[in-house]
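Sequence and structure go in first, then my entries.

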Amino acid sequence: MKPPKPGSRVGGVSLWRYWRLFRKDILSAQPERLYRAKMAEFKTPFFRSFLVNELALVRRVLVERPSDFPKSDRVTRGLRPLLGQSVFVTNGAEWERQRRIINPAFEGGKLPHSFNAMLAAGEAAITRIVPGELNVEEMASHATADVIFRTLFSIPIDDAVAAETYSAFRAFQREQPVASVGALARWMPQGGSLKARRAAKRLRGLIEVMVADRQKTIEAGNAPNDLATKIMTTLDPETGQGFSEAEMVDQVAIFFLAGHETSAALLGWALWCLAAASDWGDQVASEARTFMENPEFSALSSMSVTRNVLRETLRLYPPVPMFVREAQGEERFRDRVVKPGAQVVISPWHLGRHEAYWPDPDAFDPARWKDGQPTPREAWLPFSTGARVCPGAGFAMAEAAVLLAALMALFRFEVLDEPVPVAHLTVRSQDGIRLRVVAR
Ligand code: HEM
């Protein structure tokens with residue numbers, strides 16, 4: 001398909017306007033030149049921030065010398081009341097130990113176990129949809145929270161504890177400030193707002209009960225074979241120790257947060273893109289119908305159009321728009337000296353739309369991912385890369401394909417108005433993504 005051109009119209013609105021607005025309005029404090037620059041420096045009274053778009057620098061920070069650029073506490077501190085010492089916020093030896101216990105739960109062979117949970121959540125999601133106007137962001141959050149409950153604790157979201165946990169999560173997320181490079185200095189208040197801390201406390205109380213109950217079933221030898229059991233029973237091959245119950249609360253909290261909020265953002269934006277580019281929507285629907293006739297894990301690999309649509313959505317709307325590291329020692333980035341304590345910002349948002357790496361960078365064109373096309377993979381970082389790469393990447397791609405298939409096989413989604421992307425914990429739309437749902 002040709003990328004949308006100025007003048008093509010969807011729902012009476014020029015598509016070109018959509019694409020331009022997408023880019024301009026995210027984190028609107030940011031200048032256009034960041035989509036062309038190799039690097040940019042931001043000065044605040046107390047420290048410097050460097051946004052790096054040059055691929056060799058991104059590689060240095062994430063792949064070659066990650067321990068010289070640990071996670072920045074400045075950014076994660078607002079999440080600590082919820083996440084405690086979870087794998088998302090720790091550094092060094094403590095982080096390495098946690099990844100040794102977590103990684104086996106996400107190895108390729110484990111994905112088919114989660115497939116049934118994804119499918120069940122997709123089937124439940126379609127029964128909740130009534131044709132007409134729909135905020136697909138909310139629908140997607142509900143569906144992906146359902147996936148994570150079923151995967152972690154083998155309970156659907158309409159279970160009372162799951163429903164209460166989900167509502168406490170929403171309360172926490174709504175209290176998270178909007179992120180932007182310019183706002184780095186005030187990105188996260190110490191410990192978060194009072195409301196956020198209260199929501200985190202309530203949430204942790206709920207998770208503690210689920211973890212304690214699971215511990216009992218593990219001891220009784222009748223625990224279900226799910227992600228929670230896997231992580232609670234895996235021992236660190238180096239020390240022979242597993243997570244304590246208290247540590248599990250931290251890890252479960254990050255699995256909920258990282259595992260449903262990001263996937264919901266991906267699903268919501270994918271539906272929006274397919275509504276705006278309806279010929280791609282029709283192709284995905286055709287794959288979806290075939291898949292849903294006999295839904296099996298092995299059939300996911302033949303959904304190549306869907307996979308390319310998801311890759312392209314992740315390029316244009318990476319759910320985690322930026323992540324931040326802190327320089328430990330003095331460094332040289334291009335012609336600049338980077339002092340210890342400087343913040344290094346890696347931005348999948350800017351890399352994915354960078355003019356030096358992508359032809360027609362703002363156009364939604366899944367065809368660029370077809371086999372044999374020269375794709376600048378190093379500039380596509382929705383799941384990060386290197387040692388701290390997202391352990392849930394394979395899970396998330398399978399989940400999005402299954403949920404999209406369940407929805408697209410039955411419904412067509414049509415544009416109603418223009419969502420304005422903003423960065424909260426993830427890239428969301430300022431006022432939700434409203435689409436018209438029509439039965440196919
Ligand atoms: C579309 C969906 C997803 C996206 C775009 C995504 C993206 C990311 C990114 C960019 C990071 C690195 C952040 C940083 O370095 O600051 C990350 C880390 C992480 N993600 Fe995901 N993620 C997704 C889904 C999931 C799922 C489904 C799970 C688990 C079920 C998960 C679990 C984690 C964990 C535990 C980390 C921390 C890893 C570490 O620091 O060692 N993510 N994710």
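**Ground rules.** I'm looking at a predicted model, so I note the limits: local features need pLDDT of at least 70, side-chain atom pairs count only at pLDDT 80 or more, and totals for chains, interfaces and linings use all residues. Residues are numbered from 1 along each chain as its sequence is written. My helices (H or I, at least four residues) and strands (E, at least two) are DSSP runs, numbered from the N terminus.

**Entry 1: H11 and H15.** Two packed helices are described by the angle between their axes and the distance between the axes. I looked up helix H11 (residues 245-276) against H15: the axes come within 10 Å and cross at roughly 45°. Axes here are lines fitted to C-alpha atoms, for helices over the stretch in contact, with angles running from 0 to 180 degrees between N-to-C directions. That angle makes H11 oblique to H15. For the term, under 35 degrees is roughly parallel, over 145 roughly antiparallel, 65 to 115 roughly perpendicular, and the rest oblique. The crossing of H11 and H15 is right-handed. A crossing is left-handed if the near helix is turned anticlockwise from the far one by less than a right angle, and right-handed if clockwise.

Which residues make the contact? From H11 I wrote down Thr262, Ser263, Leu266, Leu267 and Ala270, and from H15 Ala396, Glu399, Ala400, Leu403 and Leu404. Contact means C-beta atoms, placed from the backbone, within 7 Å. The H11 and H15 contact residues divide into seven nonpolar, two polar and one charged. Nonpolar covers Ala, Val, Leu, Ile, Met, Phe, Trp, Tyr, Cys and Pro; charged covers Asp, Glu, Lys and Arg; the others, Gly among them, are polar.

**Entry 2: H12 and H13.** Helix H12 (residues 278-293) and helix H13 (residues 304-316) have axes that come within 8 Å and cross at roughly 135°. So H12 is oblique to H13, and the crossing is left-handed. Trp280, Gln283, Val284 and Glu287 of H12 meet Val305, Thr306 and Val309 of H13. I get four nonpolar, two polar and one charged for this contact.

**Entry 3: positive phi.** Arg334 isn't a glycine, yet has a positive phi of about 55°. I found Arg334 in the loop between strand E7 (331-333) and strand E8 (336-338). The cut-offs are 20 or more other C-beta atoms within 10 Å for buried, 12 or fewer for exposed, and partly exposed in between, with C-beta atoms placed from the backbone.

Ser384, also a residue other than glycine, has a positive phi near 65°. Ser384 sits in the loop between helix H14 (348-352) and helix H15 (393-410). With 18 other C-beta atoms within 10 Å, Ser384 is partly exposed.

Technical notes: Contact = placed C-beta atoms within 7 Å.
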